[in-house]
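User: I would like to learn how to read ligand contacts and helix packing from a set of coordinates. Could we take one model and work through it together?

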Amino acid sequence: MTANLLDFDLEGLAAFCERLGEKRFRATQLFRWIHQKGATDFDQMSDLAKSLREKLKTTAHLQALPVISQHESADGTIKWLFDVGGGNAVEAVFIPEDDRGTLCVSSQAGCAVGCRFCSTGHQGFSRNLSTGEIVAQLWFAEHFLRRHLQTSGRVISNVVMMGMGEPLQNYSALVPALRVMLDDHGYGLSRRRVTVSTSGVVPMMDRLGEDCPVALAVSLHAPNDALRDNLVPLNRKYPLAELLDACNRYLVHAPRDFITFEYCMLDGVNDQPEHARQLAELVRRHGGSGVSCKLNLIPFNPFPASGLLRSPHSQVQAFAKILSDAGIVTTVRKTRGDDIDAACGQLAGDVRDRTRVGERIAQQRTVMLMPVKPAPGEAKETLRP
Ligand code: SAH
Ligand code: SF4
């Protein structure tokens with residue numbers, strides 16, 4: 001087995017180069033070829049010595065994820081379904097906006113947390129993605145989009161770990177992947193532009209604060225433990241008081257001076273004025289001085305098995321007003337890509353019924369809305385060193 005170079009952050013790649021008897025600075029050159037230029041063929045790497053290129057051919061490879069399908073929404077959102085083997089698939093979503101391009105990345109095939117309102121949660125847990133599989137989503141999307149949009153400049157300016165899975169339950173693969181995103185020789189994203197979203201894995205929030213403090217979003221969804229226990233089962237292990245304490249500890253390291261709280265608006269479940277008042281009280285009073293936060297209300301994206309409904313617009317507005325009036329910056333998330341099931345919580349990776357995955361993957365291949373362009377390495381002509 002040769003090494004998948006997408007599995008390495010720069011430090012890991014330097015160690016790999018040293019094992020090959022090469023100087024560490026070679027790793028920087030190699031890293032830039034892979035992530036900044038999207039190369040996959042070692043022969044393209046013209047400033048590396050021929051002897052090193054030959055060594056790499058026998059010891060290393062770059063493992064792209066096969067694209068099962070690609071769908072483009074009327075609003076420009078693009079969703080890819082990637083095959084991660086063994087009948088599992090994961091999704092990544094590109095969301096273009098005027099001033100940024102955001103990629104929503106998956107961290108696991110399925111998810112073990114099992115939130116009631118989440119399609120990924122309903123499918124159960126299959127496995128953790130490797131660092132290389134997390135990075136491959138960004139690597140593919142960035143270099144595909146440069147060709148698609150015919151630009152040589154950077155397309156993805158923000159990454160949110162809000163695809164399938166609970167990133168903090170795949171910590172050891174997550175952190176090197178974040179480092180690749182942040183590295184100036186990699187994607188060069190600032191810590192503020194990389195967001196980890198978590199349902200509240202308290203000990204790992206502390207570790208992330210120490211190891212790699214990027215922006216943090218916490219999926220709150222309820223203003224009290226009784227309701228949160230029911231919606232986000234992980235709350236039984238890490239209840240709200242502990243979660244909010246962890247948020248305050250994280251803020252010491254965070255690149256922004258607030259935590260983003262996500263709150264999915266479920267009709268008649270967590271969207272009443274009383275819930276808004278409780279929520280305002282909770283975040284303003286917790287621990288005496290409260291938690292510095294912004295609140296992002298997410299209209300629920302329904303899927304058949306949930307048995308839940310989206311809150312009416314007027315209810316969301318009324319909820320937002322109570323919080324704003326209490327001095328909490330509150331925004332309502334625009335729903336993007338829901339015509340292609342790419343909106344929050346609709347990412348099921350098409351593996352809900354794993355016994356029929358092969359069949360469904362075959363079907364997916366025939367229902368692509370757009371032809372899939374070749375993966376970075378297959379498109380040598382577009383390489384602009
Ligand atoms: N596991 C992490 C990150 C992935 S989920 C987490 O839970 O934070 C990303 C966001 O989508 C979370 O805030 C999640 O609560 C929200 N979400 C999940 N299902 C949803 C749905 N059906 N409609 C709207 N938002 C949803
Ligand atoms: Fe997992 Fe997040 Fe979905 Fe909950 S909302 S089941 S933690 S992916």
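User: Which polar backbone atom is 3.5 Å from an oxygen atom of ligand 1, that is, to which residue does it belong?

Analyst: Please keep in mind that this is a predicted model. The backbone atom belongs to T198, and the distance of 3.5 Å to an oxygen atom of ligand 1 sits at the cut-off, since a polar contact is a pair of N or O atoms within 3.5 Å.

User: Which side chains place a polar atom 2.6 Å from an oxygen atom of ligand 1?

Analyst: There is one such atom in the side chain of S197, 2.6 Å from a ligand oxygen, and another in the side chain of H221, also with a value of 2.6 Å.

User: How many residues surround ligand 1, and which are the closest?

Analyst: The surroundings of ligand 1 comprise 20 residues, of which F117, G165, S197, S219 and H221 are the closest.

User: Turning to the helices, what describes two packed helices?

Analyst: The description consists of the angle between the two axes and the distance between them. Here, helix α1 (residues 10-19) packs on helix α2 (residues 24-36) at about 125°, the axes being 8 Å apart, and the two are therefore oblique to each other. The crossing of α1 past α2 is right-handed, and the contact involves L10, E11, L13, A14, C17 and E18 from α1, together with R24, R26, A27, T28, L30 and F31 from α2.

User: What classes of residue make up the contact of α1 with α2?

Analyst: Seven are nonpolar, one is polar and four are charged.

User: At what angle does α2 pack with helix α5, and which residues make the contact?

Analyst: The angle between α2 and α5 (residues 131-148) is about 65°, with 9 Å between the axes. On the α2 side the contact is made by I34, H35 and Q36, and on the α5 side by V135, W139, H143 and R146; by class these are three nonpolar, three polar and one charged.

User: How does α5 pass helix α6, in a left-handed or a right-handed crossing?

Analyst: The crossing is right-handed, and α5 packs with α6 (residues 171-182) at about 35°, their axes lying 8 Å apart. The contact of α5 with α6 has nine nonpolar and two polar residues but no charged ones.

Notes:
Residues are numbered from 1 along each chain as its sequence is written. Chains are lettered from A and ligands numbered from 1 in the order in which they are written. This is a predicted model: local features need pLDDT of at least 70, side-chain atom pairs count only at pLDDT 80 or more; totals for chains, interfaces and linings use all residues. Side-chain values use heavy atoms; hydrogens and water are left out. Axes are lines fitted to C-alpha atoms, for helices over the stretch in contact, and angles run from 0 to 180 degrees between N-to-C directions. Helices (H or I, at least four residues) and strands (E, at least two) are DSSP runs, numbered from the N terminus. Angles under 35 degrees count as roughly parallel, over 145 as roughly antiparallel, 65 to 115 as roughly perpendicular and the rest as oblique. A crossing is left-handed if the near helix is turned anticlockwise from the far one by less than a right angle, and right-handed if clockwise. Contact means heavy atoms within 4.5 Å. Ala, Val, Leu, Ile, Met, Phe, Trp, Tyr, Cys and Pro count as nonpolar, Asp, Glu, Lys and Arg as charged, and the others, Gly among them, as polar. A residue is near a molecule or strand if one of its heavy atoms lies within 4 Å of it. A polar contact is a pair of N or O atoms within 3.5 Å; within protein, one must be able to donate a hydrogen and the other to accept it, and residues adjacent in sequence count only if both atoms are side-chain atoms.
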